[in-house]
Amino acid sequence: MPGPVMPDQAIGTSMRNKDRISAFLTLLPSIILIGIFVYGFIGNTFWISLSDWGGAAALAENPVKSYVGFANYLDLFTGFLGGGFRQDLVNAVFYSVMLLAGAIGIGLILAMLLDNKPRGESFFRTVFLYPMSLSFIVTGTIWRWMLAPQGGVNILPTYVGLPPLRFPWLSSTDAILLFNWQNLLPIALYLVSLVLIIWGLWRLKNNPAKALVLLIPGVVVGGSVWLWGDLLPQALFMEEIHGFNTATFGIIMATIWQYSGYTMALYLAGFTGISQDLRDAAMLDGASTAKYYRYIALPMVKPITISAIIILSHISLKMFDLIFAMTGPDNGQTGHPALNMYLTTFRANDFARGAAIAIILFIIAATFIIPYMISSYRQRRSR
Amino acid sequence: MKRLVLRACVAAFAAVLLAGAPAVQAKELSGELEIFSWWAGDEGPALQALIDIYNKKNPNVKVINATVTGGSGVNAKAVLKTRMLGGEPPDSFQVHAGQELIGTWVKADRMEDLTPFFKKQGLMTVFPQGLLKNIGTDKGIWSVPVNIHRSNVMWYIPANLEKWGVKVPATWDEFFEIAPKLKAQGIVPLALGENWTVNHLWESVTLSVLGAENWDNLWSGKLAFDSPVAMNAWVEFTKVLEFTNADASTLSWQQATDMVVDGRAAFNIMGDWAAGYLSTTKQLAPKTGFGWAPSPGTSGKFMFLADSFGLPKGAKNRETALAWLALLGSREGSDAFNPLKGSISARTDSDLKKYNAYGQSAAADFKKDRIVGSLAHGVTANEGFMNDFASIMEVFLKTHSPVATAKAAQQVATKNGIGK
């Protein structure tokens with residue numbers, strides 16, 4: 001952006017330099033503070049995760065920390081005693097996926113309903129957004145009561161004369177979608193091939209050349225794993241079954257309840273931003289309301305969907321207080337790596353392993369956020 | 001800078017002490033005392049009673065009562081760790097006596113040996129030997145126990161048992177005989193609560209299977225967790241769990257005790273803080289309103305846990321802290337604290353008139369029973385093992401295999417250096 005034209009070019013340059021210097025000086029304190037307290041400490045955590053800080057003398061005045069490489073990470077993923085962490089990680093994946101689907105789906109539906117300006121629109125908007133303002137501890141406590149085995153949700157059917165539900169929302173020990181951790185590698189490859197194939201099929205209509213580039217590797221990967229999958233190394237020396245624990249349902253419900261109002265607000269803002277002319281034009285051309293949303297409104301609010309995914313996924317990866325309030329620590333069925341990290345570090349005094357869990361969570365969160373940041377940075381530059 | 005000044009002050013103070021030791025003895029203490037604990041809720045008044053006595057004795061000392069709330073000190077312990085790592089130890093802090101203190105703080109060389117203090121205060125003879133063994137190591141004694149709780153107690157409502165026609169079982173075999181009868185009447189034989197109460201039940205069952213000697217051997221590393229004897233405990237535990245309620249993991253310990261009070265369950269095994277809950281909150285009279293017995297197969301054994309205070313190295317106000325510890329160990333102090341807290345005194349010469357019927361019976365047992373330490377409450381194993389014990393229980397509840405569980409337990413014990 002060119003500044004106002006100065007009569008003398010030299011003065012302009014010096015002014016701009018001065019501007020730059022003062023801007024830099026203004027930013028300097030926060031750069032230093034963030035450098036130390038964010039990046040410095042991430043680096044320190046990473047270093048601790050490569051050490052063996054823990055065990056008997058972990059809290060000595062000058063604890064001995066020796067470098068052990070990636071032993072902590074290896075132990076978490078393939079060690080005998082890492083089973084709890086692996087279960088938590090699987091939980092977190094299912095939790096994130098279900099939360100994204102639930103909160104975005106329900107938020108979108110609510111936003112579409114309110115976008116058509118029903119009577120009392122602002123009242124409903126407040127009602128749906130209200131759960132956002134509660135703290136997770138409050139939400140967790142309320143939902144723990146509501147999901148108690150002999151009360152709350154389970155006795156709702158009795159009001160209409162039906163027998164009460166018997167589902168133990170938070171204490172169920174059942175699991176579905178079971179898989180063996182030993183087969184982690186083949187499963188990951190199958191997932192990759194599935195994504196490639198679906199993506200390719202989706203592209204087939206518009207861009208057949210690109211679709212083939214996706215479809216062929218997808219089929220090759222899937223086929224070769226199916227044929228020679230037995231040759232892949234096993235991730236663990238013994239069978240270890242993980243899956244989606246149905247006890248997590250309760251926690252997912254509570255989180256969706258809290259966050260669908262938020263996604264609704266995001267979408268509603270997006271919909272309101274679409275010019276009314278566009279909608280009128282579409283209607284004039286004979287589009288139904290459903291078609292308007294499908295072909296016009298939704299594509300236009302795609303950036304909002306992406307932000308919602310980013311925000312919700314990193315919230316679900318950092319989830320701690322809600323789970324702590326609902327099922328407490330040491331509840332493997334509903335465990336989460338963030339809880340595990342806290343207990344490993346501050347209860348078991350195993351600082352190195354706790355740091356390793358923290359770094360793993362950090363990397364997972366980064367894989368969601370960094371692509372988003374790169375693309376938004378590019379967009380800003382191209383503008 | 002602040003610390004430098006403080007250190008200089010401490011050094012100067014120590015020099016004065018050394019120079020005029022006899023004179024200072026008589027002089028009144030002054031300065032500050034910071035005590036760190038998680039006693040804020042129901043236990044708050046008991047702690048305040050102690051602080052009141054301390055203030056009366058040492059009017060010139062300003063007591064700073066630093067409490068961090070949260071059940072069993074989850075949060076307090078985390079805050080304490082960050083303070084200790086940051087080099088700002090409180091003058092004295094609450095900690096479960098035994099390995100929870102030893103494994104974390106003594107092994108890290110952060111505590112002062114209190115043996116000379118124990119000798120000077122005459123505490124070596126008023127505390128039972130079994131207790132001293134559990135709160136000390138071969139290198140010293142590390143904390144002053146303020147209270148004693150018993151873990152292996154079974155609670156029931158006498159009137160209900162009469163109605164259902166069952167007697168209090170003395171062994172698990174007797175329990176297995178009456179449990180089906182109770183189940184047939186639609187009554188849960190044994191009420192159970194959330195996950196830590198499962199660990200609590202496990203230690204009572206295991207003590208009955210192993211006996212006191214082998215229980216001690218388990219924690220000194222002489223008996224392996226995957227030995228056939230220890231494996232039997234898991235077999236027995238499987239049988240016991242069959243007679244518990246299905247919704248256990250959603251109930252707090254109070255709710256599990258409520259099941260017994262409401263007549264939905266026959267028995268509950270819980271520490272003797274349940275006595276306080278039953279008599280104070282539920283307004284039941286000891287002996288007639290509610291009854292208790294050692295958990296099946298553990299009669300004559302007293303599985304204890306204790307809150308205690310220690311003296312961290314580098315405490316800023318060592319002298320006032322020692323006066324605090326002396327008060328905790330004294331008869332006056334412990335008899336002021338324990339009736340309010342609902343626990344008994346660690347001293348064998350406490351004034352029993354100040355305690356209720358349950359406290360008197362527990363104190364009598366404490367004097368004559370064989371004393372063993374509790375796992376679930378930090379006496380027998382370090383914090384690393386206690387944390388990983390959750391995953392052992394996880395393996396057990398998932399596989400229901402005593403063999404796999406016992407193997408996992410042995411791995412966890414090795415990793416955490418049990419018996420070393």
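Some ground rules. This is a predicted model, in which local features need pLDDT of at least 70, side-chain atom pairs count only at pLDDT 80 or more, and totals for chains, interfaces and linings use all residues. Residues are numbered from 1 along each chain as its sequence is written, chains are lettered from A and ligands numbered from 1 in the order in which they are written, and side-chain values use heavy atoms, with hydrogens and water left out.

I start with chain A. It has 14 helices and two strands, where helices (H or I, at least four residues) and strands (E, at least two) are DSSP runs numbered from the N terminus. The C-alpha trace of chain A spans about 75 × 70 × 50 Å along its principal axes. Of the 383 residues in chain A, 38% are buried; buried means under 20% relative accessible area, exposed over 50%, and partly exposed in between, with a 1.4 Å probe and protein chains only. Among contacts in chain A with a separation of 6 or more, 71% come from residues 24 or more positions apart. Contact here means heavy atoms within 4.5 Å.

Next, the interface. How many residues does the contact take from chain A and from chain B? It takes 31 from chain A and 26 from chain B. The area buried between the two chains is about 2,500 Å², with carbon and sulfur atoms giving 55%. Buried area is the accessible area (1.4 Å probe) that two parts lose on being put together, summed over both.

In polar terms, nine residue pairs are in polar contact between chain A and chain B, both residues at pLDDT 80 or more. A polar contact is a pair of N or O atoms within 3.5 Å; within protein, one must be able to donate a hydrogen and the other to accept it, and residues adjacent in sequence count only if both atoms are side-chain atoms. On the chain A side, strand S2 (241–245), helix H13 (337–346) and helix H14 (351–382) each supply at least two residues. The largest share, four residues, comes from H13(A). By class, that side has 16 nonpolar, ten polar and five charged residues. Ala, Val, Leu, Ile, Met, Phe, Trp, Tyr, Cys and Pro count as nonpolar, Asp, Glu, Lys and Arg as charged, and the others, Gly among them, as polar.

The rule finds one salt bridge across this interface, a salt bridge being a side-chain nitrogen of Lys or Arg within 4 Å of a carboxyl oxygen of Asp or Glu. A:Asp350 pairs with B:Lys415, the closest N and O atoms being 4.0 Å apart. This pair runs from the loop between H13 and H14 of chain A to helix H19 (residues 402–415) of chain B. A:Asp350 counts as buried because its relative accessibility is 16%, while B:Lys415, at 39%, counts as partly exposed.

Leaving aside neighbours within four places in sequence, its contacts include A:Gly54, A:Leu59, B:Lys81 and B:Glu383. Its side chain makes a polar contact with the side chain of B:Thr104 (3.3 Å).

Now chain B. An automatic or database domain assignment supplies the bounds: domain 1 is 30–149 + 306–373 and domain 2 is 150–303 + 374–415. Their C-alpha centres lie 27 Å apart. The contact takes 27 residues from domain 1 and 29 residues from domain 2. Together the domains bury about 2,300 Å², 54% of it on carbon and sulfur atoms. In domain 1, B:His149, B:Tyr358 and B:Arg370 lose the most area to domain 2, together 31% of what that side buries.

Which salt bridges join the domains? The rule finds six across this interface. In one salt bridge, the side chains of B:Arg370 and B:Asp216 meet at 2.9 Å, N to O. In another salt bridge of chain B, B:Asp369 meets B:Arg150 at 3.5 Å. Those two are 219 residues apart, with B:Asp369 in the loop between H17 and S14 and B:Arg150 in strand S7 (residues 149–150). B:Asp369 is buried at 11%, and B:Arg150 is buried at 4%.

Over all chains, the count comes to 27 salt bridges.
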